[in-house]
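Let's walk through this one together, question by question. Have a look at the picture first, then read on.

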Amino acid sequence: MLEGWDDEQLLAALGEAVKAREAVPEWFVETGKNAYAWHNIDAELAQLTYDSQADAGQMAVARSETASIRALTFTSAHLSIELEVADGSLLGQVVPPQPGTLETHTRSGMTTSPVDEAGFFALEPIPASPFLLRFRATDGASVMTGWITL
Amino acid sequence: MGLKASRPSLAGYDDSATAALISRAAASDHGAWDELVERYAPLVWSICMGFRLGHRDVEDVAQNVWLLLAEQLGRLPEPAELPGWLARTTRRECRRVVTSAGGPDTVIGEEIVMAERNAVLRAAFAQLPPRCQSLIGMLTSDPPCSYAEISTTLGIPVESIAPQRACCLERMRGSMALLGLAEAGANPPGGGPGA
């Protein structure tokens, strides 16, 4: 316990602590600080529940015919957002199908796209990574993904 | 409320306790959030390094770990367990971006205890008066500065360095006790029982 630390041990421990902090680059700390922008946001955070690339990696088999399409699924308690990357565009579907607006957040700002009655949306060109999607349903519900890097 | 936040208020130091920082950050105090990040970024960083992730993956993990924390701030099951929550979340995010199977062999409990200990040590150091910070900073630099060097740089006689060092370290012990190092289950470095 604390009483057991002599001066040398305390100095050594502090030296270690300072080194551990100095090893962390400033951009990394800034990334954390910037995340506060999402604090109190009125949206449900959807978790990444499927990633074709991760699954393919775990198979440890190179299958070139399936490598060109990347599929991702984000799931929240109330709805899912399915994404498919192909031919320079990002196609998506909100499940269960419903209309609304899709916000695409990137480092440089935010753009919006319509989501049709069938829950479909298309982003072209593919947003610069990393990006984050937020779906605002017409009925008022709001769900966002984590940061996506393609 | 967490254990640390429920301890009696002593000279305002308990404001630096993790649970108090979480409450303040949840109540839209941006400064408290920044301090939380400063405090625990080394924990998140060291776990990413353990997975040997590249720059892009580290950035990806960091963004999502802090996004999750920002989103869940007001709903963490036990604010005092933030280091554990961060470590678990970081490891999960690291595994997500690592395409090959496996991960580091480090024991997660050790990471958390070390991160908590280091955070308290840095916080206690930050509370020292500037003259103590200069002196202790020189004494802990790697390689350590000689007394002659310290004397020249700080303008204090060589013979008063040892007493000042003892005085500054005593102050640090006081701050650390208030910051709750004992609760972090810390053992002295080097494994010896000490005095």
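Q: In which sense do strand 6 and strand 9 of chain A pair?
A: First, some housekeeping: this is a predicted model, where local features need pLDDT of at least 70, side-chain atom pairs count only at pLDDT 80 or more, and totals for chains, interfaces and linings use all residues. Residues are numbered from 1 along each chain as its sequence is written, while chains are lettered from A and ligands numbered from 1 in the order in which they are written. Helices (H or I, at least four residues) and strands (E, at least two) are DSSP runs numbered from the N terminus, and two strands pair if DSSP finds at least two bridges between them. Strand 6 (residues 100-106) and strand 9 (residues 132-137) of chain A have six bridges, with His105(A) opposite Leu132(A), and the sense is antiparallel.

Q: Which helix of chain A gives the most to the side that touches chain B?
A: Contact here means that two residues have C-beta atoms, placed from the backbone, within 7 Å. The contact takes 39 residues from chain A and 49 residues from chain B. Helix 1 (7-22), helix 2 (26-34) and helix 3 (52-59) of chain A each supply at least two residues of that side of chain A. The top giver, with 13 residues, is helix 1 of chain A.

Q: How many helices does chain B have?
A: Read along the sequence, chain B goes α-α-α-α-α-α-α-α. Chain A has three helices and ten strands. Chain B has zero strands, and its helices number eight.

Q: What distance separates the end C-alpha atoms of helix 2 of chain B?
A: The expected span is 1.5 Å times one less than the number of residues. Helix 2 (residues 30-50) of chain B has 21 residues, so it should span 30 Å. The model agrees, as the end C-alpha atoms are 30 Å apart.

Q: Where does helix 2 of chain B bend?
A: The bend at a residue is the angle between axes fitted to the seven residues ending there and the seven starting there. In helix 2 of chain B that angle is about 45°, and a proline, Pro42(B), follows the bend within four residues. The bend is at Tyr40(B).

Q: Which residues touch the most other members of the largest nonpolar core?
A: A nonpolar core is a set of buried Ala, Val, Leu, Ile, Met, Phe, Trp, Tyr and Cys residues joined through C-beta atoms within 7 Å. This core has 76 residues, and helix 2 of chain B gives the most to it, with eleven. The two that touch the most other members are Tyr40(B) and Val44(B).

Q: Is Pro129(B) buried or exposed?
A: A residue is buried if 20 or more other C-beta atoms, placed from the backbone, lie within 10 Å of its own, exposed if 12 or fewer, and partly exposed in between. Pro129(B) lies in the loop between helix 5 (108-126) and helix 6 (130-140) of chain B. Pro129(B) has 10 other C-beta atoms within 10 Å, so this residue is exposed.
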